[in-house]
Amino acid sequence: MIAFTLDDEPVQVPDDGESLLYALREHLGKRCVKDGCSPQGQCGCCTVWIDGLPRVSCVTPARRADGRAVTTTDGLSDDDRERWARAFVGAGASQCGFCTPGIVMRLAALEGRREKRSGANGPDGRPGAATGAAGVTAERVRTALLAHLCRCTGWQTIVEAAADVLGIDQEASSLVADPPRDPLMVQWRAQVEGPAFQLTRPETVLGTAIFADDMAPADARVAVLGADGELVVAGTLAEARQHAHKVQGRNSGVPLVHPVPLPDGEWDLTLQTTWVEPAYLEPDASWCRPGSLPASPLANGGAFGGKRRSPVPGEARRLAGELHAPVRVLWTREDVTRLGPKRPPIAAGVRRDGKGVLRFARTGIGDASALRDDELVLTRRVAAVSEHVDVEHADVLGPPVSAELRGVGWVEASVLLAGLRALVEGRTGPGWPAEVTAPSGGRARVTVHRDDAITVEVWAGTVLDDVTLRSYCIGAVHQALGWVWQEGIAVDHDGQVCDLTIRSFGIVNARDMPHIDVVIHPAATWPVNGSDAVFAATAAAVWVADGLVPHWPTRSGRTST
């Protein structure tokens with residue numbers, strides 16, 4: 001047995017060769033520690049303290065904790081829990097909340113350890129207070145965040161929350177709202193932007209939000225995908241993985257390609273994109289009891305449309321019925337990357353009169369009705385922003401694609417037309433605004449300045465909650481920057497995904513994010529989604545600032561033309 005203290009309580013776990021993350025979640029039921037990419041050790045969701053220092057628990061053998069002190073967000077002092085949760089909620093620094101417990105542990109370590117039940121007072125008079133945050137800067141916060149990935153927030157609000165707690169930047173910390181905020185308005189705006197059920201509150205920040213696998217019964221059997229693509233069921237997660245015989249994937253370094261050929265014609269402006277991974281942090285998971293409804297893999301967020309057709313709930317329900325027992329079904333990060341839907345690559349051309357063709361990749365993976373639905377959806381979406389751009393499909397080998405992902409179709413058409421306007425008016429390069437109106441009615445104007453700083457203006461009807469709307473807009477800027485600049489995954493000649501590590505997706509890190517100013521224009525109309533318009537307008541503005549480079553990503557260094 002391995003013995004250590006967990007949040008100041010003595011515990012023991014078997015010395016079975018498993019990781020500390022496995023010991024915490026599977027043996028000890030510590031669900032505030034999240035599994036986003038194990039055993040890759042690249043997303044930071046599973047970060048805990050060992051003897052007061054942050055460690056990524058999915059690549060830390062459990063036996064290294066023997067005789068030591070392990071701390072999770074549950075083990076922070078009550079004061080620290082309240083301060084960090086309040087700041088994250090007040091800044092809009094947590095949306096789905098899957099990554100935030102690990103981020104909180106990383107950032108809280110910057111100010112020194114505070115024990116949960118220590119009776120001694122520190123220098124500041126608070127129970128358990130140790131060293132202060134002297135010497136911590138915003139740049140040090142951003143550097144600490146390099147060990148983490150967040151897909152929702154765009155990093156800036158996280159830095160602002162940290163600035164508030166650590167007292168390092170009064171201008172940033174002034175953006176952290178103090179209660180009271182109307183929880184109903186917060187949730188309403190989150191669902192308009194998501195669009196999915198989502199709660200943003202202290203429990204979300206600290207890791208006790210309701211994610212599917214966190215709520216699975218302890219006696220559930222576990223199903224994982226084997227090397228042959230079939231589900232393997234066993235009594236424990238370790239046994240299931242053992243029988244799966246899977247080999248760890250890697251980052252290939254293979255050049256990115258643009259699989260869709262340009263449509264025939266003489267075009268004044270063209271654009272080709274590559275395969276892009278949605279990269280939501282919570283892998284697909286579900287569980288089900290016999291005769292019951294399965295847990296939703298959406299849990300506390302929409303995954304940008306990536307989980308709407310996930311087969312995992314159906315498999316959990318089927319297995320529970322067949323085995324007459326509760327069953328958990330878990331995809332790994334590699335499973336999500338191989339099997340989850342991608343943003344379809346496009347090739348598009350447009351003439352100065354506004355007429356053009358937008359051609360989307362169609363991989364043929366999925367049921368026929370879903371593929372037909374995607375074609376209809378894409379055609380309608382493009383028609384909603386332009387009657388003069390036709391939609392075509394090209395059959396290519398590759399991973400699944402889906403029209404369910406964020407704004408697929410109308411966003412690409414809007415970006416192309418905004419780029420055409422800039423070209424015709426002779427205003428390419430930084431400093432020129434791009435404006436987009438989404439089919440929902442939301443509108444955004446985005447300007448990329450010469451120093452890469454970005455100004456966002458958004459019109460989304462009744463604001464409901466400005467912190468939430470601002471957070472979603474900053475997150476949309478982050479996604480758009482990655483899409484244009486550096487995101488993409490390599491796919492081989494047989495259509496198989498080559499890049500299986502989460503760091504290979506090209507997500508923009510905290511240190512490379514430019515500053516974003518958000519101006520919200522309220523209106524006495526029904527609230528509509530504004531962040532999708534921001535996503536489209538940012539992509540257009542960045543493309544214009546980069547000189548309308550015809551192949552995305554424009555700055556990755558991996559693009560093969």
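Biologist: Which ring does the charged end of Arg-406 sit over?
Modeller: In this predicted model, the charged end of Arg-406 lies over the ring of Phe-535, 5.3 Å from the ring centre.

Biologist: And Arg-343, what is under its charged end?
Modeller: The ring of Trp-483, with 4.6 Å from the charged end of Arg-343 to the ring centre.

Biologist: Which residues are in a cluster linked by ring pairs?
Modeller: Trp-483, Phe-535, Trp-543 and Trp-552 are joined that way. Two of those names have come up already: Arg-343 sits over Trp-483, and Arg-406 over Phe-535.

Biologist: Switching to pairs. How many aromatic pairs does a search of the whole structure find?
Modeller: Six. One of them is Trp-84 with Phe-88: the ring centres are 6.3 Å apart and the planes are at 55°, so this pair counts as tilted.

Biologist: Where are Trp-84 and Phe-88?
Modeller: Both are in helix 2, residues 78-91. They are four residues apart there, so about one helical turn separates them.

Biologist: Are those two buried or exposed?
Modeller: Trp-84 is buried, and Phe-88 is buried as well.

Biologist: Why is Trp-543 called buried?
Modeller: Because its relative accessible area is 0%, and buried means under 20%.

Biologist: What about the relative accessible area of Trp-552?
Modeller: That one is 1%, so Trp-552 is buried too.

Note on methods: Residues numbered from 1 in each chain as written. Predicted model: local features only at pLDDT ≥ 70, side-chain atom pairs only at ≥ 80, totals over all residues. Heavy atoms only, no water. Phe/Tyr/Trp six-rings, centres within 6.5 Å; stacked < 30°, edge-to-face > 60°. Helix = DSSP H or I, 4+ residues; strand = E, 2+ residues; numbered from the N terminus. Buried < 20%, exposed > 50% of the residue type's maximum accessible area, 1.4 Å probe, protein only. Lys NZ or Arg CZ within 6 Å of the ring centre and 35° of its normal.
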